[in-house]
Amino acid sequence: MKLFLKLVRDIKQSIGQFIALVLVIAVGAFFYGGLVTYSDKLSAYTKDYYKEHNLSDLNVYYSQISKDDVAGLSKVEGIKKIEGRYTFDATQAIEDYKTSIKIHSIPVNNEINTPTMIEGSIPTKKDEILLDSHYAKEHQYHVGDQISINTNGRDLKFIISGLCENVEHVKKNETQDHKAYGVAYIAEETIPEIADGFYYNEIVIDAQDGYNIDKLGQSIEVQSKQLSYLNQVSKERTFSYSKLNQTIYNNGMMSKVVPLVLFLISATILFLTMSRIIDSQRNQVGIMKALGIKNRKIRLHYMGYPVLAGIIGSILGSAIAATVFIPMITGSSARSHSLPDITYSLSFYSIIPPIIFSSAFGVLACYLSGRTILKERAAQAMRPKPPKTMKKLLIERVPGLWSRISYSYKLILRNIFLNKPKALASSIGVIVSTVLLITAFGTQAALQKVANQVEDVYTYDLRVDYTIGTSSDTLKLPSSIKNSYDLSYFPVEFIKDDKKENATLVVTEKENSLIHFFDENDNEISLENNGVLVPKSYADKYHIVEGDIIQIKFTAPELNNKTVDTKVLQISSQYSNPSFYMTPAYLKSFDINYSPTSLLVEANSSTDLISVRNFFEQDPHVDTIADKTGLKKSAQYILKQNSFVFIMFTICAVILSFSAVYTISSINIYERNRELATLKVLGYQKNRINRLIFFENIILTTLSVIVAIPISRYIYTFIVKALSSTHQQIPDKFNIFVILIAVILAFILTILANLLLRRKVTNINMIGSLKSIE
């Protein structure tokens with residue numbers, strides 16, 4: 001009980017230091033609880049959600065296909081369930097803008113891509129429509145309201161029978177813009193009203209468990225030779241599924257990397273702190289031994305300090321995560337995905353790992369630090385350590401230099417070099433915190449660079465995507481355009497040794513001046529007719545260099561999985577949506593026809609842009625139109641979605657940095673009580689003593705920053721690699737401005753810690769500190 005009271009007294013006497021340690025542990029617990037909850041819940045929920053609502057494994061598109069043809073295809077090996085539907089695009093005029101609505105027919109006995117009903121019922125009559133609940137909310141539609149849409153020049157009116165969310169449209173577009181884009185479902189009875197006859201243009205397939213989807217796709221294509229077959233898309237290649245899986249992957253990596261880094265930092269600070277606390281209480285350990293207290297109890301007494309700090313810090317961090325982090329990620333998830341009824345709640349068990357991790361390092365520090373002292377006899381431990389023999393410093397041996405240095409600076413230099421282990425321990429805390437600051441600012445700057453690159457890469461005014469099956473010979477262009485270039489997208493599989501990965505190949509003219517490519521040094525590079533541009537994200541993962549020969553397999557069914565060997569022209573830095581690029585001439589060298597699917601347009605002026613857009617909106621062959629505003633919005637959306645975590649990461653870095661400097665400086669003052677009391681007795685004023693400590697800490701911070709910068713480079717590269725994937729490249733180059741900001745902040749935090757520690761110097765008891773056992 002007395003040892004517990006001593007522990008409480010020790011904490012009370014150095015409450016600031018204890019609070020700093022608690023905050024260090026709380027930061028790690030905060031990020032661990034928040035990120036693990038987000039990652040685990042999102043992954044588990046989507047897995048169950050896809051299974052419950054039976055997300056289609058394969059979507060196959062036709063010009064038209066009858067009910068009997070769909071029934072015939074159901075006998076193909078590997079198909080568990082098959083449903084036909086009619087899909088078309090419609091627009092809705094709302095005030096001064098138009099919205100786009102993707103509309104599917106829904107079978108009477110719907111078993112694939114089943115909707116989650118929010119309100120109302122599934123449409124059963126030809127004048128009823130089931131509307132996306134988010135789109136309805138944006139435009140204040142309710143069940144029973146009438147909605148008017150336009151498709152192929154015809155105006156149609158429907159009564160909203162219900163509101164829903166659907167598993168196939170978890171992610172609508174890059175920015176999840178519910179206001180401009182919606183989804184709806186109509187009864188099969190309505191198809192003749194739209195298509196001038198009853199037929200489908202799409203089938204959705206639920207494959208048998210474990211059946212090869214590529215093989216199934218090939219079988220479907222073979223069976224569709226007599227039908228008006230167009231194309232097919234597997235589940236993995238759909239926009240919604242691929243984007244959500246990429247999010248889950250990135251969140252999973254962050255939930256492992258970020259807490260691990262923070263825990264290692266907090267463990268380092270805790271280890272240094274406990275080591276120096278025990279060392280500074282050497283005489284108290286001797287007294288306890290003299291009173292007959294066993295070594296085991298003494299050790300357990302000091303172990304109580306980190307365990308108590310670990311428990312309080314972990315509970316505090318988890319509580320803040322539950323009240324701040326969880327609501328924020330819930331809002332972020334709701335904005336970025338349509339996942340009905342998903343909720344995030346912090347598990348009680350998420351508190352346990354931070355407690356175990358922090359306590360384990362504290363206990364280890366106590367064991368290692370106390371091992372030497374506890375081996376000594378009581379009388380020996382009660383004596384202060386004999387003063388170290390001070391050798392001449394290197395600077396003292398320079399003739400005439402040492403004599404010109406003021407006495408105060410001589411004290412600083414002698415203290416640093418006399419107590420090298422203590423100076424090193426102090427420096428480690430500052431190094432670790434500076435590394436964290438630089439990494440936090442660097443990662444945020446990298447995300448900003450990802451968003452900014454969009455404007456540098458894409459300089460077109462409009463991107464026009466044509467409907468499936470449209471021939472480029474039938475296309476017409478308005479007169480008021482300055483430049484236009486064709487594009488074609490091919491789903492491919494990148495093959496390296498025995499590894500395969502899905503990718504996208506973009507084919508466009510060599511002269512295309514509306515898309516720009518850059519190497520890793522931000523120098524512009526160009527397409528040529530003798531090779532392929534490879535994204536740096538793929539090059540880094542698979543160790544590809546310029547001049548290599550790589551294999552690409554064309555997975556579109558009409559190309560029969562043709563595999564070609566291509567030469568790597570150059571490596572291109574593509575931060576968002578990285579793709580392989582080649583020219584039509586290089587594509588034709590593999591006996592593959594080039595059929596453009598999109599068009600990039602640059603208008604003569606901003607005035608002409610309006611008429612150009614109107615022209616394409618009237619073209620029945622046009623599927624979607626995107627402009628630079630959408631690109632910028634998409635880039636900023638990505639930045640906004642990720643900024644919260646890194647803002648919190650930066651705040652926590654500041655807390656960790658300050659806690660490290662304050663804790664180690666506090667212990668440093670405690671250890672030097674006798675020295676500082678001696679200076680007071682000799683007539684040193686309080687301000688002069690504070691100035692000595694201040695300059696000493698500034699020197700240590702300067703040395704620490706010099707060491708921290710190259711270490712930061714390594715840590716930052718490690719984190720970037722962990723967060724990056726082949727589908728998302730994050731710049732791994734340091735920004736000098738970012739380093740400067742982090743370094744300045746490190747010095748500001750050092751100054752702030754010194755100001756708060758001035759009181760400790762003032763309260764030094766000269767008589768008590770100078771008493772010693774001789």
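The secondary structure of the protein comes to 21 helices and 22 strands, as seen here in a predicted model. Of its 774 residues, 52% count as buried.

The unreviewed UniProt entry lists "transmembrane region" for residues 15-35, 257-279, 300-326, 346-368, 423-442, 644-671, 692-716 and 736-757. Two of these spans may be compared with the model. Residues 736-757 are 100% helix and 0% strand, and their end C-alpha atoms lie 32 Å apart. For residues 346-368, the corresponding figures are 74% helix and 0% strand, with the end C-alpha atoms 35 Å apart.

Helix α9 spans residues 295-336 and helix α10 residues 352-375; the two pack at an angle of about 155°, with 8 Å between their axes. Because angles over 145 degrees count as roughly antiparallel, α9 is described as roughly antiparallel to α10. The crossing of α9 past α10 is right-handed.

On the α9 side, the contact is formed by Asn 295, Ile 298, Arg 299, Tyr 302, Met 303, Pro 306, Val 307, Gly 310, Ile 311 and Ser 314. Their partners in α10 are Pro 354, Ile 355, Ser 358, Ser 359, Gly 362, Val 363, Cys 366, Tyr 367 and Leu 374. By class, this contact of α9 with α10 comprises twelve nonpolar, six polar and one charged residues.

How values were computed. Residues numbered from 1 in each chain as written. Predicted model: local features only at pLDDT ≥ 70, side-chain atom pairs only at ≥ 80, totals over all residues. Heavy atoms only, no water. Axes fitted to C-alpha atoms, helices over the stretch in contact; angles between N-to-C directions. Helix = DSSP H or I, 4+ residues; strand = E, 2+ residues; numbered from the N terminus. Parallel < 35°, antiparallel > 145°, perpendicular 65-115°, else oblique. Left-handed = near helix turned anticlockwise from the far one by under 90°. Contact = heavy atoms within 4.5 Å. Nonpolar A, V, L, I, M, F, W, Y, C, P; charged D, E, K, R; others polar. UniProt positions renumbered as here; feature names shortened; annotations may be inferred. Buried < 20%, exposed > 50% of the residue type's maximum accessible area, 1.4 Å probe, protein only.
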